[in-house]
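The following questions and answers guide a first reading of a protein model. Please keep the sequence and the structure in view while reading.

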Amino acid sequence: MHFSRTDQDSLYSVIRSRRDMRHFDPQGSVDPVVLERVLAAAHHAPSVGLMQPWRFIRILDDVLRETIAEHVTEERLRTASSLGSRKEEFQALKVEGVRECAELLAVVMVPDDGTLFGRRTMPREMAVASCACAIQNMWLASRVENLGMGWVSLFDPEIVRKILQCPTGAFPLALVCLGPVQAFYQEPMLEETGWRKGRSLAESIDENFYADKKSIDEGIE
């Protein structure tokens, strides 16, 4: 299949417009057909050795969602307590939309199936990277469907594993908030709020060797 310049421009526009959303329309809903397209996009992600180490769990029970929301709140407070002088600044941020989003999903890394292809030296890392590819596909598909999506990582994986009754060896990697939003952030929210400034592309590209000499062991040139 050959993609036109218009197709290419559309893809890059979607990538630039992707945002980690935390503000959702609490009255919103996601059409089941659209949700299936978004999850199909996630399932089409590349995975090392075609292991497809992901499981998507829709949280449909209100009591279960509230249990998860309460745990996320607890972890949010613990995170705030670890931030020293930035504690109050962090507490003022909207960092998740677990209660408000139309769809709440957990992305769980399944127990290791022993796949060796491509991951002999990095077995866990390649499983995590594969799941992250699926989440990114879901993010881009959500954006092109004009739905907001937020990746929540403020939780203890072992606690969420037990809440969701996942088997031993499974690892909850993300809580995904999905649904309509009133507006998308013009810039990443952490930049808009002044929490952090993103690096430029130029700062992230080296040639031949790692250029930041500060990180090189002393005595090695």
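**Cysteines, helices and overall build**

Q: How many disulfides does the structure hold?
A: This model is predicted. A disulfide requires a pair of cysteine sulfur atoms within 2.5 Å. The sulfur of cysteine 133 is too far for a bond, because the closest cysteine sulfur, in cysteine 131, lies 9.3 Å away. Cysteine 177 is likewise in no disulfide, with the sulfur of cysteine 101 as its nearest at 3.9 Å, and the number of disulfides in the structure is 0.

Q: Is cysteine 177 buried or exposed?
A: A residue counts as buried when its relative accessible area is under 20%. For cysteine 177 this area is 0%, so the residue is buried.

Q: How are helices H1 and H5 oriented to each other?
A: Helix H1 covers residues 5-17 and helix H5 covers residues 123-144; their axes are 9 Å apart and form an angle of about 105 degrees. Angles of 65 to 115 degrees count as roughly perpendicular. The orientation of H1 and H5 is therefore roughly perpendicular.

Q: Which residues of H5 make the contact with H1?
A: On the side of H1, the contact involves Val14, Ile15 and Ser17. By class, the contact comprises 4 nonpolar, 1 polar and 1 charged residues. From H5, the contributors are Leu140, Arg143 and Val144.

Q: What share of the residues of the chain count as buried?
A: The secondary structure of the chain comprises 7 helices and 4 strands. The chain has 221 residues, and the share that counts as buried is 36%.

Technical notes
Residues numbered from 1 in each chain as written. Predicted model: local features only at pLDDT ≥ 70, side-chain atom pairs only at ≥ 80, totals over all residues. Heavy atoms only, no water. Buried < 20%, exposed > 50% of the residue type's maximum accessible area, 1.4 Å probe, protein only. Axes fitted to C-alpha atoms, helices over the stretch in contact; angles between N-to-C directions. Helix = DSSP H or I, 4+ residues; strand = E, 2+ residues; numbered from the N terminus. Parallel < 35°, antiparallel > 145°, perpendicular 65-115°, else oblique. Contact = heavy atoms within 4.5 Å. Nonpolar A, V, L, I, M, F, W, Y, C, P; charged D, E, K, R; others polar.
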